[in-house]
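The following paragraphs are intended to be read with the sequence and the three-dimensional structure side by side. Please locate each residue as it is named.

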Amino acid sequence: EGLQERRVLEYVVLGDFATAVAFLLASEPEQSARYYRDALVTVALAAAANARMDPAHGRALGGQLQVKAAKVVGAHAAGVGDPLLAVPLYCAAGLYSEAVAQLQECGLWRYAASLTAHALAGGERAAALARWAGHVEGTEGSVWRAVGLLTAAGCLREALQALLGAGLPDCA
């Protein structure tokens with residue numbers, strides 16, 4: 001434990017945030033306060049690496065590092081029983097579609113709908129609304145509400161299939 005902390009500090013003081021993040025991501029997840037501390041440090045270092053500019057090329061370093069850190073830490077958190085930890089990490093890394101999917105998997109459909117309306121467009125928005133429509137039709141049995149969601153998403157073929165599947169060919 002102390003050795004791992006010292007190793008991370010060595011990388012940080014040398015300015016090698018990317019290696020520090022890689023080292024932390026390679027460590028085994030565990031259900032303890034230590035894991036959450038390491039996860040926080042990982043995400044913070046990834047964000048810092050993302051903010052640093054490459055003077056030779058004038059662009060941000062480590063953008064993919066923040067995405068990778070969010071995905072790995074989010075997956076580890078889900079593995080130890082805390083799947084909602086991934087949502088703010090995904091949002092911070094710009095992974096709004098993954099955040100919406102995580103909220104939907106956890107059954108937080110209204111939060112997912114709010115994030116969808118706020119952050120998604122195009123195909124990502126359509127996919128999120130189609131998943132919601134499937135949930136509404138399957139759990140609530142509301143074909144009309146599902147068709148409304150599918151239509152809003154631009155999934156007209158799927159809306160037509162839902163109507164036909166519900167025995168409503170006249171409405172289709």
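Leaving aside neighbours within four places in sequence, Q102 is in contact with P83, A86, V87 and Y90, where contact means heavy atoms within 4.5 Å. Q102 is found in helix 6 and counts as buried, at 11% relative accessibility. Buried stands for under 20% relative accessible area, exposed for over 50%, and partly exposed for values in between (1.4 Å probe, protein chains only).

The model is predicted, so that local features need pLDDT of at least 70 and side-chain atom pairs count only at pLDDT 80 or more, whereas totals for chains, interfaces and linings use all residues. Residues are numbered from 1 along each chain as its sequence is written, and side-chain values use heavy atoms, with hydrogens and water left out.

The protein chain contains ten helices and two strands. Helices (H or I, at least four residues) and strands (E, at least two) are DSSP runs, numbered from the N terminus. From that terminus on, the order of elements is α-α-α-β-β-α-α-α-α-α-α-α. Of the 172 residues in the protein chain, 35% are buried. Its accessible surface comes to about 9700 Å², and 57% of this belongs to carbon and sulfur atoms; such areas come from the Shrake-Rupley method with a 1.4 Å probe, and for residues only the protein chains shown count as cover. Among contacts in the protein chain between residues at least 6 apart in sequence, 37% join residues at least 24 apart.

Helix 8 deserves a detailed description. Its 19 residues (residues 122-140) should span 27 Å at 1.5 Å a residue, and the end C-alpha atoms are 26 Å apart, which agrees; the expected span is 1.5 Å times one less than the number of residues. Within helix 8, A126, A128, L129, W132, A133 and V136 are buried. These residues lie on the same side of helix 8, because they cover an arc of only 165° around the axis, the arc being that of the directions from the helix axis to the C-beta atoms. The face turned away from the buried side carries the exposed residues G123, G138 and T139. Which helices do the buried residues of helix 8 pack against? They pack against helix 6 (96-105), helix 7 (109-119) and helix 9 (143-152).

On the side of helix 6, Q104 is buried, with a relative accessible area of 6%. Residues up to four places away in sequence not being counted, Q104 touches W109, A112, A128, R131 and W132. A polar atom of the Q104 side chain lies 3.1 Å from the backbone oxygen of A128.

In helix 9, L150 counts as buried at 7% relative accessibility. L150 and A130 are 20 residues apart in sequence, yet their C-alpha atoms are 5.8 Å apart in space. Beyond its neighbours within four places in sequence, L150 is in contact with A130, A133, C155, E158, A159 and A162.

Helix 8 is followed by G141, whose phi is positive, near 70°. Side chains of opposite charge can pair when their charged atoms come close. The structure holds one salt bridge, defined as a side-chain nitrogen of Lys or Arg within 4 Å of a carboxyl oxygen of Asp or Glu. E140 forms a salt bridge with R145, the closest N and O atoms being 2.5 Å apart. E140 is partly exposed at 45% relative accessibility, and R145 is partly exposed with a relative accessible area of 33%.

Notes
A polar contact is a pair of N or O atoms within 3.5 Å; within protein, one must be able to donate a hydrogen and the other to accept it, and residues adjacent in sequence count only if both atoms are side-chain atoms.
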